[in-house]
Amino acid sequence: MIHPGSRVMQANLPVTVIPTLSRSLRLALAAVIVVGLGARLGLALVHGLSAAPERDSDADEYDTYAWNVAQGNGYRGMSPDVADRNHLTAYRPPGPSLLMAGIYCVVGHRYDAVRVVGCLLGSASIWLVFCIGGRLFGVGVGLISAAIYSLFPLAVLQSTEIGSEPIGVFLFLLFINVALAFADRPTGLRAALAGLIFGAALLTRANFIVMLPLIVVWAIWQFRWSTNLLRAGLIPLLAIGCLVPWTVRNYRVFGELIPLSTMGGSVLLQGNNSVVVSEPEFYGYNVWDSTIPEYQKALQTAGNEVERDRRAKQFAIEWIKNHPDKWGFMLWHKLLRSWMPVLSEKQSAARRWLYLLSWGPILVLFVLALVPTLAVGLRHRHAVLLLHLAVLHYVANSLVFFALIRYRAPIDPLCIIFATTMIAEILVAVGWSQIGRPFAVGMSRISSLDRQVNPHSAVAFHGAPI
């Protein structure tokens, strides 16, 4: 076995798989990305490329903050239960709105430009799925994963929406890919790059914070107590460093230490209250906190978003402490809802079937792949464990707060990669050996597709041989 970080490993593993692809594979990957981009732009056109966000929606909030920034008015706008709809705010992390503000500074207040950029980011995420899948399990797995993700209905839809998904998913996948490159060849530069990317991701989606301690766990497991572990320490250090300007700004505005946003308490209360354990419609889900009768008045009279969030957090913690008999019930239904392939009956029949037929098979194959890939990671100290921890961060968020399909967006492509490893094993079992066996040992797993990439360093895309 070659241990990650060894000289042999450093000699064989490139930063990216793309430059050494054969012409046929380049064309296949290009076709997959073009099809994915076409699907995203097509759906955006159908839904209205220039349509304004619905009032008081998430998209409306992101847009309001962005337009104020673009006009030089600062990061300001609305937040729940605050009468002034144009106050300096920290309700949402600034990443998505700063990206939109940059677009508005160039082309004006145009929603079509924002949606086109979202579609381009979604297409870039397809490329990253190929890179991650190819690096860990072979180019065949990477290509099939990218093809599935290119037309995965949820991914296509989320790329067309004004919100945090397009940039958040892209940054999360980019971090995973750079972190895997760092595991292949640990250098300070790669660690620094991974840390900065993850810092940008934190400023885009606050719930990524759960991933931060898991990165530390992965680094310790991957490198033990070595020089490479010291380099890996740059990842969380620089990620936290990226939060400093935003935290300083928030302290100057509110006089409070707010490193991410002022919605954490509210989200905690939305997923932990008497309604979500008494009404079947909300099992494992959330209900808007200021509509819960016992909290409504206190939240609506808080006066500002910091105090409102503080009260919501206090209410949530008190409720959790006072209802230990509900813990098991809540955790089970949150876990169930976070993965179930069935949508609410409020959705149209067409949407329910589309979701079931697209996510259902991926979920089954993903579950089947978890144990063998985890065994590979634990037995051989393989970097694939980073993907398992990424999935765990989503599970932890769902259990602490609540389950929401949109929150799963950053790990959907990772689930697809896991599922594709099972597809590859099935294809090999029926005699189609070109793709190679993702779970085989040593050189026996190298596929003919990999040999087209580079016949002299075929193991380059898998990390340590397994």
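Reader: Of the 466 residues of the protein, what percentage count as buried?

Author: The figure is 55% of the 466 residues. Buried means under 20% relative accessible area, exposed means over 50%, and partly exposed lies in between (1.4 Å probe, protein chains only). A word on the source: this is a predicted model, where local features need pLDDT of at least 70, side-chain atom pairs count only at pLDDT 80 or more, and totals for chains, interfaces and linings use all residues. Residues are numbered from 1 along each chain as its sequence is written, and side-chain values use heavy atoms, with hydrogens and water left out.

Reader: Thanks! How many helices and strands does the protein have?

Author: Helices (H or I, at least four residues) and strands (E, at least two) are DSSP runs, numbered from the N terminus. The protein has 21 helices and two strands. For the fold as a whole, look at contacts, meaning heavy atoms within 4.5 Å. Among contacts between residues at least 6 apart in sequence, 71% join residues at least 24 apart.

Reader: Which residues have the most contacts inside the largest nonpolar core?

Author: The general idea comes first: in soluble globular proteins, nonpolar side chains tend to be buried together. A nonpolar core is a set of buried Ala, Val, Leu, Ile, Met, Phe, Trp, Tyr and Cys residues joined through side-chain atoms within 4.5 Å. Here the largest one has 99 residues, and F198 and W339 have the most contacts inside it. Helix α8 supplies the largest share of this core, 14 residues. Apart from it lies another core, of 15 residues, among them V287, I292, A316 and W319. As for W339, the residues it touches beyond four places in sequence include W359, F366, Y394 and R408.

Reader: Which residues of helix α12 are buried?

Author: In α12 (residues 234-241) they are I235, P236 and A239. They cover an arc of only 90° around the axis (taken from the directions from the helix axis to the C-beta atoms), which puts them on the same side of α12. Their cover includes α8 (165-184), α9 (188-202), α10 (211-223) and α11 (227-232).

Reader: Now the charges. How many salt bridges does the structure hold?

Author: A salt bridge is a side-chain nitrogen of Lys or Arg within 4 Å of a carboxyl oxygen of Asp or Glu. The structure holds 16 of them. One joins the side chains of D58 and R92 (2.7 Å, N to O). D58 lies in helix α3 (residues 58-70) and R92 in the loop between β2 (87-88) and α4 (95-107), so this pair ties together parts that are 34 residues apart in sequence. D58 also meets R406 in a salt bridge (3.3 Å, N to O). R406 sits in the loop between α19 (385-400) and α20 (412-429), so the pair with D58 ties together parts that are 348 residues apart in sequence. D58 is partly exposed at 31% relative accessible area, as is R406 at 28%, whereas R92 is buried at 7%.

Reader: Where do R311 and E307 lie?

Author: Both are in helix α16, four residues apart, about one turn of the helix.

Reader: Where is T160 placed, and is T160 buried or exposed?

Author: T160 is in the loop between α7 (153-159) and α8, and T160 is buried, with a relative accessible area of 5%. A polar atom of its side chain lies 2.6 Å from the backbone oxygen of L157. The side chain of R115, in turn, reaches the backbone oxygen of T160 at 3.4 Å. R115 belongs to helix α5 (residues 111-137) and counts as buried at 11% relative accessibility.

Conventions. A polar contact is a pair of N or O atoms within 3.5 Å; within protein, one must be able to donate a hydrogen and the other to accept it, and residues adjacent in sequence count only if both atoms are side-chain atoms.
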